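Colleague: Please show me the model. I want to go through its aromatic rings and the criteria behind each label.

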Amino acid sequence: MPRSGSLQAMLLTVRLRRAALGLLSSRDPVSAIAYEAGFGDLSTFNAAFRDRFGAPPRVFRRRGGLTVPSLQ
């Protein structure tokens, strides 16, 4: 029987990595990047992003991703 928690965690990681790369490679608004990465709610995206990368998306972008532990 598959473990749905593992699949959900993997999908969240993929979506957050996609968003992180979007933040670093474009000037699109954070909200557009969040929606393109599959987040329907900006506050949910901001909280998940902060938990994963240690900084809100705007700070992450301003610092050039320096808060990223690893994109791998």
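Modeller: Start with the cluster: ring pairs join Phe39, Phe45, Phe49, Phe53 and Phe60. This is a predicted model, where local features need pLDDT of at least 70, side-chain atom pairs count only at pLDDT 80 or more, and totals for chains, interfaces and linings use all residues. Residues are numbered from 1 along each chain as its sequence is written, and side-chain values use heavy atoms, without hydrogens or water.

Colleague: Why is the pair of Phe49 and Phe60 called edge-to-face?

Modeller: Rings of Phe, Tyr and Trp (its six-membered ring) pair if their centres lie within 6.5 Å; planes under 30 degrees apart are stacked, over 60 edge-to-face, the rest tilted. By this rule there are 5 aromatic pairs. For Phe49 and Phe60 the centres are 5.0 Å apart and the planes 80° apart, so the pair is edge-to-face.

Colleague: What makes Pro56 partly exposed?

Modeller: Its relative accessible area is 29%. Buried means under 20%, exposed over 50%, and partly exposed in between (1.4 Å probe, protein chains only), so Pro56 is partly exposed. Phe49 and Phe60 are both buried.

Colleague: How do you know that the charged end of Arg15 sits over the ring of Phe39?

Modeller: The test needs NZ of Lys or CZ of Arg within 6 Å of the ring centre and within 35 degrees of the ring normal. The charged end of Arg15 is 4.0 Å from the centre of the Phe39 ring and counts as sitting over it. Arg52 also lies over a ring face, that of Phe53, at 5.0 Å from the ring centre.
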